[in-house]
Amino acid sequence: MIGAGPVGLFAAYFARLHGLKTVILESLNEPGGQPEMLYPFKKILDIPVFQEITAADLTKRLLAGLTDQDLVTGHKVSKLTQDDGLVIDDEYQVRSIIIATGNGAFKAKKFPLKADGAAEDRIHYFFKNPQQFAGQKIGIFGGGDTALDWSQELADLAQVTLVHRRDQFRGMESSVDKLKASGKVTFRTPYLPKSLQLAGGQLKIGLKQVGGDEVREESFDQILVAYGFRADNRFVSKWGVELKQGLIDVDRAMQTSVAGIYAVGDACGYPGRVPIIGIGFGEAQIAVNAIMQDLFPEKSLTIHSTSI
Ligand SMILES: Cc1cc2nc3c(=O)[nH]c(=O)nc-3n(C[C@H](O)[C@H](O)[C@H](O)COP(=O)(O)OP(=O)(O)OC[C@H]3O[C@@H](n4cnc5c(N)ncnc54)[C@H](O)[C@@H]3O)c2cc1C
């Protein structure tokens, strides 16, 4: 298994349930993927069975189904040798691989202005504890779901200004409406950050109006940058795995263009796919069933967990 996001963790659990030995290789030092890194505090409302569950709790529950031996953190997979079976990074000989790398190894797109030392310390790309910003003036930069979720989370704790280069947001419209209705967040759109300096213990950021001449200065104690992540799934193309528009192409059994290599979760793409966790869980089940059929063609497939 490559990637210990929610989908990789569930795939490993489901594979173990079917009696398969698994190892999950995760590039970060902790498991959980996007929910754990980007929105651990958020209440997720669309995980089957749970009316609501925080992302951090979801990771905890997914990990409860695994043992320590299943998970290797701090290992970014890059190499595959296919001469003598499948060997990952010259170290792990496996019969099948499930790629569950999401958008690829996390590499946040940087704030476009140069900051050094003390200023850099006030620029954040992840955070775990919203309380660290309590009572402060916080600038949130970005227009996707992460920026909106962070604004929502901090709105009651801090003085939040949301800065985006367009009037329209990429994130969910309902989140934008909710934030606007709350009146707790100041919207600065369409503005782009053009200058930055640290003065009097605050970041002074010059914001230039997009399509206009206005430049205004805003002061923040800290800023949070949610400009997204650079996708880094192209490493698998060296293995012969085909990608379409940056996503790993799979067939109906979640198999890639290389036999024995499957892809699930946000890493894969096919017409109509929706990038949410529940869909990834289903894909993990399809992939594991296909692997069982592939590895043990003589066995009749046990589909229901009660019969395993
Ligand atoms: C702000 C925000 C809010 C969201 N809200 C919801 C929601 O309410 N409900 C919902 O269902 N979905 C939501 N999503 C989407 C959801 O988070 C993703 O669909 C889900 O995380 C995909 O899971 P995954 O396991 O496929 O990938 P990820 O969560 O991206 O995990 C992939 C893992 O693979 C690791 N990895 C990558 N490359 C390598 C490598 N080369 N070697 C080893 N490890 C590697 C990464 O470090 C990461 O840990 C939200 C997303 C965002 C950004």
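The following dialogue discusses how to read selected features of a predicted model.

Trainee: Which conventions apply to this model?

Mentor: Residues are numbered from 1 along each chain as its sequence is written, and side-chain values use heavy atoms, with hydrogens and water left out. Because the model is predicted, local features need pLDDT of at least 70 and side-chain atom pairs count only at pLDDT 80 or more, while totals for chains, interfaces and linings use all residues.

Trainee: How many helices and strands are there in the protein chain?

Mentor: Helices (H or I, at least four residues) and strands (E, at least two) are DSSP runs, numbered from the N terminus. The protein chain has six helices and 20 strands.

Trainee: What radius of gyration does the protein chain have, and what would a compact globule have?

Mentor: The radius of gyration is taken over C-alpha atoms, and the globule rule is 2.2 Å times the number of residues to the power 0.38. For 308 residues a compact globule would come near 19 Å; the protein chain has 22 Å, which agrees. The C-alpha trace spans about 70 × 40 × 35 Å along its principal axes.

Trainee: Which domains does the assignment give?

Mentor: Domain bounds come from an automatic or database domain assignment. Here, domain 1 comprises 6-107 + 229-307, and domain 2 comprises 120-225. Their C-alpha centres lie 33 Å apart. Contact means heavy atoms within 4.5 Å; ten residues of domain 1 are in contact with eight residues of domain 2. Among contacts in the protein chain between residues at least 6 apart in sequence, 56% join residues at least 24 apart.

Trainee: What percentage of the residues count as buried?

Mentor: Buried means under 20% relative accessible area, exposed over 50%, and partly exposed in between (1.4 Å probe, protein chains only). Of the 308 residues, 48% count as buried. Accessible areas come from the Shrake-Rupley method with a 1.4 Å probe; for residues, only the protein chains shown count as cover. The accessible surface of the protein chain comes to about 15700 Å², of which 48% belongs to carbon and sulfur atoms.

Trainee: Is Ile99 buried or exposed, and which residues is Ile99 in contact with?

Mentor: Ile99, in strand E8 (residues 97-99), has 0% relative accessibility and counts as buried. Leaving aside neighbours within four places in sequence, its contacts include Ile2, Val236, Trp239 and Ile248. The C-alpha atoms of Ile99 and Ala4 are separated by 9.9 Å, although these residues are 95 apart along the chain.

Trainee: Which residues of helix H4 are buried, and what do they pack against?

Mentor: In helix H4 (residues 145-154), Ala147, Leu148, Asp149, Trp150, Ser151 and Leu154 are buried. The elements they pack against include helix H2 (33-38), helix H5 (173-182) and strand E11 (159-163). Strand E11 also holds Thr161, which counts as buried at 5% relative accessibility. Among the contacts of Thr161, beyond neighbours within four places in sequence, are Ile138, Thr186 and Phe220.

Trainee: How many salt bridges does the structure hold?

Mentor: Side chains of opposite charge can pair when their charged atoms come close. A salt bridge is a side-chain nitrogen of Lys or Arg within 4 Å of a carboxyl oxygen of Asp or Glu. The structure holds 14 salt bridges.

One of these joins Asp57 to Arg61, with the closest N and O atoms 3.5 Å apart. Because Asp57 and Arg61 are four residues apart in helix H3 (residues 55-64), about one helical turn separates them. Asp57 is partly exposed at 25% relative accessible area, as is Arg61 at 49%.

Trainee: Which parts of the chain does the salt bridge between Glu218 and Lys137 tie together?

Mentor: The closest N and O atoms of Glu218 and Lys137 are 3.9 Å apart. Glu218 lies in strand E15 (residues 215-220) and Lys137 in strand E10, so the pair ties together parts 81 residues apart in sequence. Glu218 counts as buried at 7% relative accessibility, whereas Lys137 counts as partly exposed at 22%. Both belong to a network of salt bridges that also links Arg188, Glu214 and Arg216.

Trainee: Which residues form a nonpolar patch on the surface?

Mentor: Patches are made of residues with over 30% relative accessible area and no salt bridge: like charges are joined within 9 Å, nonpolar side chains (Val, Leu, Ile, Met, Phe, Trp, Tyr) within 5 Å. Tyr13, Leu17 and Ile308 form such a nonpolar patch, with about 240 Å² of accessible area together. Leu17, in helix H1 (residues 6-17), is partly exposed with a relative accessible area of 31%.
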